[in-house]
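Hi,

Here is the model I promised to pass on. Have a look at it first, and my notes follow below.

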Amino acid sequence: MPTVEKLSPAQEALLTYWLRHSDGQSHPLPTTGDIELDEVGHHKDWAVIFEKMCNPLDYKYRLIGRNISFFIHHDYTGVRLSAMPGKGKDSKIWAFLTATVNAQKPLLEVLPYVGPEPDYSHTTLLSLPLTQQDSGAEMILLGVDFVKWPFIGANNSFDSKIASLKKFLVHQIKQHPI
């Protein structure tokens, strides 16, 4: 199973920026008004912001960084996860966002990559919860890193990559049974 050995430069910059706006005590989560992504320079291009929706619970894409668009099928800005096949309540991304809301602190996760670029195997996601009025996580800032296939060569066929991904997913399921 892939692991995160270190944060990407964008993830490090976003975490450092988030920490500057959180004192960890009386102000544990930065507010949405504290965050101005232009202050992290080009690293904002590796960020996604989700808004937590209530009644019923859902997550809506609020911002998708410029570099992220290369790795996904469409610009999903304004789209709710529940409206996307495979991204609803039972998906790994939904579970990760919900875990972030519940934990009220940064979390790190590795998820399989599903997108148009066949040379990538997984993504690492750093979640940074944001609040609007100290009322808990209302938005989640993600620092995203896309990782190329670590265990097969770049010149392997697409079928080899699919077989390798299946093996990876079987391993994931065995490690984290439902």
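**Helix 2 and its surroundings**

At the start of helix 2, the backbone nitrogen of Trp94 has a side-chain oxygen of Ser91 within 3.2 Å. Before going on, please note that this is a predicted model, where local features need pLDDT of at least 70, side-chain atom pairs count only at pLDDT 80 or more, and totals for chains, interfaces and linings use all residues. Residues are numbered from 1 along each chain as its sequence is written, and side-chain values use heavy atoms, with hydrogens and water left out.

Helices (H or I, at least four residues) and strands (E, at least two) are DSSP runs, numbered from the N terminus. Helix 2 has 12 residues, and at 1.5 Å a residue they should span 16 Å, which agrees with the 16 Å between its end C-alpha atoms; the expected span is 1.5 Å times one less than the number of residues. After the helix comes Gln104, with a positive phi near 60°.

Which residues of helix 2 are buried? They are Ile93, Trp94, Phe96, Leu97, Thr98, Thr100 and Val101, where buried means under 20% relative accessible area, exposed over 50% and partly exposed in between (1.4 Å probe, protein chains only). These buried residues pack against strands 1, 2, 3, 4 and 5, with contact meaning heavy atoms within 4.5 Å.

Ser127 sits in strand 4 and is buried, at 0% relative accessible area. Its side chain makes a polar contact of 2.7 Å with the side chain of Thr100. Such a contact is a pair of N or O atoms within 3.5 Å; within protein, one must be able to donate a hydrogen and the other to accept it, and residues adjacent in sequence count only if both atoms are side-chain atoms. Leaving out residues up to four places away in sequence, Ser127 also touches Phe96 and Leu107, among others.

**Aromatic pairs**

Rings of Phe, Tyr and Trp (its six-membered ring) pair if their centres lie within 6.5 Å; planes under 30 degrees apart count as stacked, over 60 as edge-to-face and the rest as tilted. By this rule there are 11 aromatic pairs. One of them, Trp46 with Phe71, is tilted, at 6.1 Å centre to centre and 45° between the planes. The two residues are 25 apart in the chain; Trp46 is partly exposed at 23%, whereas Phe71 is buried at 6%.

Tyr113 and Phe146 are edge-to-face because their planes stand at 90°, with centres 5.7 Å apart. Ring pairs link Trp46, Phe70, Phe71, Tyr113, Tyr120 and Phe146 into a cluster.

Best wishes
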